Amino acid sequence: MAHEIGMVLLAMLEALFQLGLLLVLAPVIGWCLDDLPFLLTGRTVGPVRFRLLQAGRFWKTLFRAPLGGRPALALTAGILTLLCLPAVTTGSVFSSLADPLVIGLVVLLGRGFVGQSLLPGEAGRFIPAVLLLCLTEALIALAAPGTDGLGGLCAMLHIEPEPGLEGALAACALALGIACPPLRAQDVTGMLSGIRDRQEREAARSIADVLNCSWLLLLSDLALPVSVGLAQGGVQGWWMGLVALVGRLALTVAVAVGLRLMAQERSARLTALFAGVALLLALAGRFGT
(Lines give C-alpha, C1' and ligand atoms only; values in the text may rest on other atoms or scores of the structure.)
Protein backbone atom coordinates (compact mmCIF):
# COMPACT_ATOMS: atom_id res chain seq x y z
CA MET A 1 0.00 0.00 0.00
CA ALA A 2 2.78 2.44 0.94
CA HIS A 3 4.54 1.66 -2.34
CA GLU A 4 1.37 2.37 -4.33
CA ILE A 5 0.81 5.67 -2.50
CA GLY A 6 4.42 6.63 -3.20
CA MET A 7 3.98 5.90 -6.91
CA VAL A 8 0.84 8.05 -7.07
CA LEU A 9 2.59 10.93 -5.28
CA LEU A 10 5.55 10.62 -7.63
CA ALA A 11 3.22 10.71 -10.65
CA MET A 12 1.50 13.82 -9.27
CA LEU A 13 4.86 15.52 -8.66
CA GLU A 14 5.90 14.74 -12.22
CA ALA A 15 2.65 16.20 -13.55
CA LEU A 16 3.18 19.40 -11.54
CA PHE A 17 6.82 19.66 -12.65
CA GLN A 18 5.74 19.09 -16.25
CA LEU A 19 3.13 21.84 -15.99
CA GLY A 20 5.59 24.31 -14.45
CA LEU A 21 8.29 23.58 -17.02
CA LEU A 22 5.93 23.95 -19.97
CA LEU A 23 4.47 27.18 -18.60
CA VAL A 24 8.02 28.56 -18.45
CA LEU A 25 8.73 27.34 -21.99
CA ALA A 26 5.45 28.75 -23.37
CA PRO A 27 6.63 32.39 -23.71
CA VAL A 28 9.95 31.19 -25.18
CA ILE A 29 8.04 29.15 -27.77
CA GLY A 30 5.78 32.16 -28.40
CA TRP A 31 8.83 34.35 -29.02
CA CYS A 32 10.25 31.79 -31.45
CA LEU A 33 6.99 31.57 -33.39
CA ASP A 34 6.52 35.34 -33.63
CA ASP A 35 10.05 36.71 -33.88
CA LEU A 36 12.26 33.95 -35.25
CA PRO A 37 10.89 34.30 -38.83
CA PHE A 38 11.80 38.02 -38.75
CA LEU A 39 15.19 37.29 -37.20
CA LEU A 40 16.00 34.75 -39.90
CA THR A 41 15.18 37.31 -42.60
CA GLY A 42 17.58 39.85 -41.10
CA ARG A 43 15.12 42.06 -39.22
CA THR A 44 15.58 43.37 -35.69
CA VAL A 45 13.42 41.76 -33.00
CA GLY A 46 12.99 42.22 -29.27
CA PRO A 47 14.87 39.91 -26.88
CA VAL A 48 13.13 36.88 -25.44
CA ARG A 49 13.40 38.25 -21.89
CA PHE A 50 10.67 40.82 -22.68
CA ARG A 51 8.30 37.92 -23.46
CA LEU A 52 9.29 36.22 -20.21
CA LEU A 53 8.74 39.43 -18.25
CA GLN A 54 5.29 39.83 -19.81
CA ALA A 55 4.42 36.26 -18.82
CA GLY A 56 5.68 36.91 -15.29
CA ARG A 57 3.48 40.00 -14.97
CA PHE A 58 0.51 37.99 -16.20
CA TRP A 59 0.91 35.26 -13.58
CA LYS A 60 1.47 37.77 -10.78
CA THR A 61 -1.67 39.65 -11.80
CA LEU A 62 -3.60 36.39 -12.06
CA PHE A 63 -2.91 35.54 -8.40
CA ARG A 64 -4.23 38.98 -7.33
CA ALA A 65 -7.22 39.19 -9.67
CA PRO A 66 -8.41 35.88 -11.18
CA LEU A 67 -9.62 35.84 -14.77
CA GLY A 68 -13.27 35.56 -15.66
CA GLY A 69 -15.32 34.64 -18.70
CA ARG A 70 -13.72 33.67 -22.00
CA PRO A 71 -10.03 34.16 -20.99
CA ALA A 72 -10.49 31.88 -17.99
CA LEU A 73 -11.91 29.13 -20.22
CA ALA A 74 -9.04 29.55 -22.69
CA LEU A 75 -6.40 29.35 -19.95
CA THR A 76 -8.11 26.33 -18.36
CA ALA A 77 -8.05 24.53 -21.72
CA GLY A 78 -4.33 25.19 -22.08
CA ILE A 79 -3.43 24.11 -18.55
CA LEU A 80 -5.51 20.92 -18.76
CA THR A 81 -3.76 20.03 -22.00
CA LEU A 82 -0.29 20.60 -20.56
CA LEU A 83 -1.20 18.46 -17.54
CA CYS A 84 -2.65 15.55 -19.49
CA LEU A 85 -0.28 15.13 -22.41
CA PRO A 86 2.71 12.84 -21.81
CA ALA A 87 5.73 15.13 -21.95
CA VAL A 88 8.72 13.77 -20.02
CA THR A 89 7.55 10.19 -19.37
CA THR A 90 4.38 8.14 -19.53
CA GLY A 91 4.26 8.13 -15.72
CA SER A 92 2.32 11.38 -15.30
CA VAL A 93 -0.86 10.78 -13.30
CA PHE A 94 -3.08 12.24 -16.05
CA SER A 95 -1.38 10.75 -19.14
CA SER A 96 -4.06 8.07 -19.52
CA LEU A 97 -6.59 10.88 -20.17
CA ALA A 98 -4.63 12.22 -23.15
CA ASP A 99 -6.90 11.04 -25.95
CA PRO A 100 -5.70 12.83 -29.13
CA LEU A 101 -9.19 13.73 -30.33
CA VAL A 102 -10.39 15.02 -26.96
CA ILE A 103 -7.19 16.94 -26.23
CA GLY A 104 -7.15 18.42 -29.72
CA LEU A 105 -10.75 19.60 -29.40
CA VAL A 106 -9.98 21.14 -25.99
CA VAL A 107 -7.09 23.16 -27.46
CA LEU A 108 -9.15 24.28 -30.46
CA LEU A 109 -12.00 25.39 -28.20
CA GLY A 110 -9.49 27.25 -26.04
CA ARG A 111 -8.22 29.11 -29.09
CA GLY A 112 -11.76 30.24 -29.79
CA PHE A 113 -11.99 31.85 -26.34
CA VAL A 114 -8.74 33.87 -26.45
CA GLY A 115 -10.41 37.12 -27.56
CA GLN A 116 -13.86 38.63 -27.62
CA SER A 117 -14.57 37.15 -31.03
CA LEU A 118 -13.17 34.59 -33.44
CA LEU A 119 -10.66 35.77 -36.01
CA PRO A 120 -12.21 35.80 -39.51
CA GLY A 121 -11.49 32.43 -41.05
CA GLU A 122 -10.53 30.80 -37.73
CA ALA A 123 -13.71 28.71 -37.62
CA GLY A 124 -12.95 27.47 -41.12
CA ARG A 125 -9.53 26.27 -39.96
CA PHE A 126 -11.14 24.25 -37.18
CA ILE A 127 -13.05 22.02 -39.61
CA PRO A 128 -10.03 20.39 -41.32
CA ALA A 129 -8.27 20.18 -37.94
CA VAL A 130 -11.21 18.28 -36.42
CA LEU A 131 -11.34 15.95 -39.43
CA LEU A 132 -7.61 15.27 -39.12
CA LEU A 133 -7.98 14.59 -35.39
CA CYS A 134 -10.73 12.10 -36.21
CA LEU A 135 -8.44 10.49 -38.80
CA THR A 136 -5.66 10.26 -36.21
CA GLU A 137 -8.02 8.62 -33.74
CA ALA A 138 -9.20 6.16 -36.38
CA LEU A 139 -5.63 5.22 -37.38
CA ILE A 140 -4.67 4.58 -33.75
CA ALA A 141 -7.79 2.44 -33.27
CA LEU A 142 -6.93 0.53 -36.45
CA ALA A 143 -3.23 -0.08 -35.74
CA ALA A 144 -3.14 -0.10 -31.93
CA PRO A 145 -6.57 -0.98 -30.53
CA GLY A 146 -7.00 -0.82 -26.78
CA THR A 147 -4.22 1.67 -26.04
CA ASP A 148 -4.88 3.92 -23.06
CA GLY A 149 -4.53 7.44 -24.43
CA LEU A 150 -1.29 8.86 -25.80
CA GLY A 151 0.56 7.67 -22.70
CA GLY A 152 -0.46 4.07 -23.38
CA LEU A 153 0.37 4.47 -27.07
CA CYS A 154 3.86 5.76 -26.29
CA ALA A 155 4.48 2.87 -23.88
CA MET A 156 3.21 0.32 -26.42
CA LEU A 157 5.47 1.68 -29.18
CA HIS A 158 8.49 1.34 -26.88
CA ILE A 159 7.70 -2.34 -26.41
CA GLU A 160 6.30 -3.20 -29.87
CA PRO A 161 7.54 -0.73 -32.51
CA GLU A 162 5.09 -0.09 -35.35
CA PRO A 163 6.91 1.84 -38.11
CA GLY A 164 3.75 2.14 -40.19
CA LEU A 165 1.77 3.68 -37.33
CA GLU A 166 4.64 5.96 -36.28
CA GLY A 167 5.00 7.26 -39.84
CA ALA A 168 1.24 7.74 -40.12
CA LEU A 169 1.13 9.71 -36.85
CA ALA A 170 4.02 11.92 -38.00
CA ALA A 171 2.16 12.62 -41.25
CA CYS A 172 -1.02 13.42 -39.31
CA ALA A 173 0.91 15.80 -37.04
CA LEU A 174 2.37 17.60 -40.05
CA ALA A 175 -1.04 17.83 -41.70
CA LEU A 176 -2.49 19.28 -38.47
CA GLY A 177 0.33 21.81 -38.24
CA ILE A 178 -0.34 22.93 -41.81
CA ALA A 179 -4.14 23.02 -41.57
CA CYS A 180 -4.28 24.78 -38.19
CA PRO A 181 -0.91 26.42 -37.39
CA PRO A 182 -0.16 28.09 -34.05
CA LEU A 183 -1.72 31.50 -33.50
CA ARG A 184 0.35 34.36 -34.89
CA ALA A 185 0.87 37.66 -33.08
CA GLN A 186 -1.34 39.38 -35.67
CA ASP A 187 -4.01 36.72 -35.15
CA VAL A 188 -4.14 37.52 -31.44
CA THR A 189 -4.18 41.26 -32.21
CA GLY A 190 -7.17 40.71 -34.49
CA MET A 191 -9.01 38.80 -31.77
CA LEU A 192 -8.38 41.68 -29.34
CA SER A 193 -9.72 44.42 -31.60
CA GLY A 194 -12.50 45.25 -29.14
CA ILE A 195 -10.26 45.30 -26.04
CA ARG A 196 -8.58 48.55 -25.01
CA ASP A 197 -7.23 47.64 -21.56
CA ARG A 198 -3.46 46.98 -21.73
CA GLN A 199 -3.47 44.32 -19.01
CA GLU A 200 -6.26 42.39 -20.72
CA ARG A 201 -4.37 42.47 -24.01
CA GLU A 202 -1.14 41.26 -22.37
CA ALA A 203 -3.07 38.52 -20.57
CA ALA A 204 -4.61 37.35 -23.84
CA ARG A 205 -1.17 37.17 -25.47
CA SER A 206 0.18 35.12 -22.56
CA ILE A 207 -2.82 32.78 -22.79
CA ALA A 208 -2.22 32.43 -26.54
CA ASP A 209 1.37 31.39 -25.76
CA VAL A 210 0.07 28.66 -23.41
CA LEU A 211 -2.36 27.40 -26.05
CA ASN A 212 0.33 27.45 -28.75
CA CYS A 213 2.60 25.44 -26.45
CA SER A 214 -0.26 22.98 -25.83
CA TRP A 215 -0.94 22.57 -29.55
CA LEU A 216 2.73 22.07 -30.41
CA LEU A 217 3.17 19.57 -27.56
CA LEU A 218 0.25 17.54 -28.94
CA LEU A 219 1.78 17.61 -32.43
CA SER A 220 5.23 16.66 -31.11
CA ASP A 221 3.79 13.76 -29.09
CA LEU A 222 2.01 12.49 -32.20
CA ALA A 223 5.04 12.94 -34.43
CA LEU A 224 7.61 11.35 -32.07
CA PRO A 225 5.78 9.18 -29.52
CA VAL A 226 8.80 6.97 -28.84
CA SER A 227 10.73 10.02 -27.57
CA VAL A 228 8.49 10.07 -24.48
CA GLY A 229 10.27 8.17 -21.70
CA LEU A 230 8.78 5.15 -19.97
CA ALA A 231 7.50 5.42 -16.41
CA GLN A 232 9.61 2.40 -15.50
CA GLY A 233 12.83 3.95 -16.80
CA GLY A 234 13.96 5.26 -13.42
CA VAL A 235 16.02 8.42 -12.94
CA GLN A 236 18.06 7.91 -16.11
CA GLY A 237 14.92 7.39 -18.18
CA TRP A 238 13.40 10.53 -16.66
CA TRP A 239 16.41 12.67 -17.60
CA MET A 240 16.47 11.21 -21.10
CA GLY A 241 12.76 11.96 -21.41
CA LEU A 242 13.37 15.55 -20.30
CA VAL A 243 16.09 16.06 -22.91
CA ALA A 244 13.87 14.41 -25.55
CA LEU A 245 11.00 16.75 -24.62
CA VAL A 246 13.12 19.85 -25.24
CA GLY A 247 14.47 18.35 -28.46
CA ARG A 248 11.13 17.41 -29.99
CA LEU A 249 9.55 20.73 -29.02
CA ALA A 250 12.49 22.53 -30.68
CA LEU A 251 12.01 20.39 -33.80
CA THR A 252 8.25 21.08 -33.87
CA VAL A 253 8.84 24.83 -33.51
CA ALA A 254 11.43 24.69 -36.31
CA VAL A 255 8.93 22.96 -38.61
CA ALA A 256 6.22 25.52 -37.74
CA VAL A 257 8.60 28.42 -38.41
CA GLY A 258 9.75 26.78 -41.64
CA LEU A 259 6.18 26.40 -42.88
CA ARG A 260 5.55 30.06 -42.09
CA LEU A 261 8.69 31.20 -43.95
CA MET A 262 7.75 29.08 -46.98
CA ALA A 263 4.16 30.41 -46.87
CA GLN A 264 2.81 26.85 -46.72
CA GLU A 265 0.59 27.32 -43.67
CA ARG A 266 -3.07 26.49 -44.25
CA SER A 267 -2.31 24.92 -47.64
CA ALA A 268 -5.26 22.70 -48.51
CA ARG A 269 -3.20 20.67 -51.01
CA LEU A 270 -0.41 19.89 -48.55
CA THR A 271 -2.95 19.06 -45.84
CA ALA A 272 -4.71 16.57 -48.11
CA LEU A 273 -1.38 15.15 -49.29
CA PHE A 274 -0.09 14.37 -45.79
CA ALA A 275 -3.50 13.06 -44.69
CA GLY A 276 -3.39 10.64 -47.62
CA VAL A 277 0.18 9.65 -46.78
CA ALA A 278 -0.87 8.96 -43.18
CA LEU A 279 -3.70 6.69 -44.32
CA LEU A 280 -1.46 4.78 -46.74
CA LEU A 281 1.30 4.28 -44.15
CA ALA A 282 -1.18 3.04 -41.54
CA LEU A 283 -2.78 0.60 -43.98
CA ALA A 284 0.62 -0.61 -45.22
CA GLY A 285 1.79 -1.18 -41.66
CA ARG A 286 -1.44 -2.94 -40.71
CA PHE A 287 -1.58 -5.35 -43.63
CA GLY A 288 2.18 -5.78 -43.89
CA THR A 289 2.39 -7.55 -40.53
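1. Arg-57 is partly exposed, with 40% relative accessible area; the classes used here are buried for under 20%, exposed for over 50% and partly exposed in between, with a 1.4 Å probe and protein chains only. The partner of Arg-57 is Glu-202, and the closest N and O atoms of this salt bridge are 3.2 Å apart. Arg-57 belongs to helix H2 and Glu-202 to helix H9, so the pair ties together parts that are 145 residues apart in sequence. Glu-202 counts as buried, at 16% relative accessibility.

2. On the basis of the note: this is a predicted model, in which local features need pLDDT of at least 70 and side-chain atom pairs count only at pLDDT 80 or more, while totals for chains, interfaces and linings use all residues. Residues are numbered from 1 along each chain as its sequence is written, and side-chain values use heavy atoms, with hydrogens and water left out.

3. Six salt bridges are found in a search of the whole structure, the term meaning a side-chain nitrogen of Lys or Arg within 4 Å of a carboxyl oxygen of Asp or Glu. One of them joins Asp-209 to Arg-51, with the closest N and O atoms 3.0 Å apart. Since Asp-209 lies in helix H9 (residues 198-223) and Arg-51 in helix H2 (residues 48-64), the pair ties together parts 158 residues apart in sequence. Helices are DSSP runs (H or I, at least four residues), numbered from the N terminus. Asp-209 is buried at 5% relative accessibility, and Arg-51 is buried at 15%.

4. Glu-265 and Arg-184 also meet in a salt bridge, at 2.4 Å from N to O. Glu-265 sits in the loop between helix H10 (234-261) and helix H11 (268-287), and Arg-184 in the loop between helix H7 (163-179) and helix H8 (185-191), 81 residues apart. Glu-265 is buried, with a relative accessible area of 10%, whereas Arg-184 is partly exposed at 23%. Elsewhere, salt bridges that share partners join Asp-34, Arg-51 and Asp-209 into one network.

5. Helices H7 and H9 pack at an angle of about 155°, their axes 7 Å apart; axes are lines fitted to C-alpha atoms over the stretch in contact, and angles run from 0 to 180 degrees between N-to-C directions. H7 is therefore roughly antiparallel to H9, a label given to angles over 145 degrees.

6. In this contact (heavy atoms within 4.5 Å), Leu-169, Ala-170, Ala-173, Leu-176 and Gly-177 of H7 meet Trp-215, Leu-219, Leu-222 and Ala-223 of H9. The contact residues comprise eight nonpolar, one polar and no charged. Ala, Val, Leu, Ile, Met, Phe, Trp, Tyr, Cys and Pro count as nonpolar, Asp, Glu, Lys and Arg as charged, and the others, Gly among them, as polar.

How values were computed:
Helix = DSSP H or I, 4+ residues; strand = E, 2+ residues; numbered from the N terminus. Parallel < 35°, antiparallel > 145°, perpendicular 65-115°, else oblique.
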